[in-house]
Amino acid sequence: MPEKLESYYANVIDSVGDGVIVLDNAGAVTLVNPAAEELAGVSRRQAMGVLFSEIFKGEGPLNEMVAKTVETGMSVSDHENIVVKRGGKLIPVGASTSPLLSAGGERIGTILLLRDLTNVRELESAVRQADRLSALGGLAAGLAHEIKNPLGGIKGAAQLLELEFPDNEDLREYIRVMLKEVQRVNVIVEELLALASPGRLKLSKVNLHRVLSDIVLLQKNASEGKEVYLQQYFDPSIPPILGDEALLTQLFLNLIKNALEAVEAGGVVKVTSRVLSDYAMTQKGERRARMVAIDIADNGPGIEAEVLENMFTPFFTTKSQGTGLGLAICQKIVSEHRGMIKVDSDAKRGTVFTVMLPLVQ
């Protein structure tokens, strides 16, 4: 093969977004492209000439696939059960193996293709969560309306009782407690209705950076008694997007307040905007739209795995005064804007909430 052509093919393999690993007939590695290095957490220098089974010792199902193709020449694929360890994290991957044939049809090795399915799994999880919220919505709406009517009656009766006992301070104190608790239930009912009601977005051009800057400024003033550092890192190339400014303000205010509550004195909350290269939204009849990501990161103690699994479930809360509806409403707002929200947390690094929205103008 001419040197120029060989260099051309090498560049093609190196530029492929999926991981490519090539083995000889003995199962030793002869080629690893940069995507495979990053995905598997191995360097080309360390892998060359080493048996695949040695490099991926703990990856049983992946080794079985490769061994089957090395031994029999059969093509095998699995996009459900394969995971690889990278930096202590399990990464779901789609894998396929096929024989490498010479020009004369002789089997001279095995090709393994690896595709990172993390984004796919996150999208699937977001869709399942949205379906659950949708199912809960109808029940929540009916329940909220049923509670709201008698609640109004209780509030009215309590207010009349207060007028009946102008001089009895003890009784008036009990009535004030009743009114306060009625108001608390009313707040929960209003949030339930917000979660259940169909979205009617008031669309306009929203400057996300202005919205976020205003929230950061207000929260800086609100947390003056607590020494917390709020930092913002914005990509100036991001233009205004089409959205509901009031709802997006509610969304980011909730997330930034949560982050501030999670950190101790001296803690840091970072608000970052960036354009995503690996996500895009395509609506029927519309052009493909890139996504913008807003990260709200804190260096607090992190969130336990059990709590992470239920974060967006209505009425699940770890706060003594929380209703457990705040994050469910956040997810609803993001879903109505055709975006998605995800959370990543670690006891050493803290927590990052990422909101992804289509860059539609």
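Start by selecting strand 4 and strand 5 (residues 107-116): they run antiparallel and are joined by nine bridges. Strands here are DSSP E runs of at least two residues, helices are H or I runs of at least four, and both are numbered from the N terminus. Two strands count as paired if DSSP finds at least two bridges between them.

Before going on, a word on the model: it is predicted, so local features need pLDDT of at least 70 and side-chain atom pairs count only at pLDDT 80 or more, while totals for chains, interfaces and linings use all residues. Residues are numbered from 1 along each chain as its sequence is written, and side-chain values use heavy atoms, with hydrogens and water left out.

Still on this pair, click P99: its bridge partner in strand 5 is T110. Then look at the turn of the hairpin that strand 4 and strand 5 form, with five residues between them. G105 sits in that turn and has a positive phi of about 90°.

In what order do the five strands lie? The order is 2-1-5-4-3, in an open sheet with antiparallel pairing. Strand 2 (29-32) and strand 3 are at the edges with a single partner strand each, so one side of each has no neighbour in the sheet. From one strand to the next, the twist averages 30°.

Bring in helix 5 (residues 60-72), which packs on the sheet and touches strand 1 (19-23), strand 3, strand 4 and strand 5. Its direction makes about 130° with that of strand 3; axes are lines fitted to C-alpha atoms, for helices over the stretch in contact, and angles run from 0 to 180 degrees between N-to-C directions.

Then jump to C330 in helix 11 (residues 326-336). Is C330 buried or exposed? C330 is buried, because its relative accessible area is 2%; buried means under 20%, exposed over 50% and partly exposed in between (1.4 Å probe, protein chains only). Apart from neighbours within four places in sequence, C330 is in contact (heavy atoms within 4.5 Å) with L251, N254 and L255. The C-alpha atoms of C330 and L255 are 8.2 Å apart, though 75 residues separate them along the chain.

Last stop: Y9, in helix 1 (residues 3-15). Y9 is partly exposed, at 43% relative accessibility.
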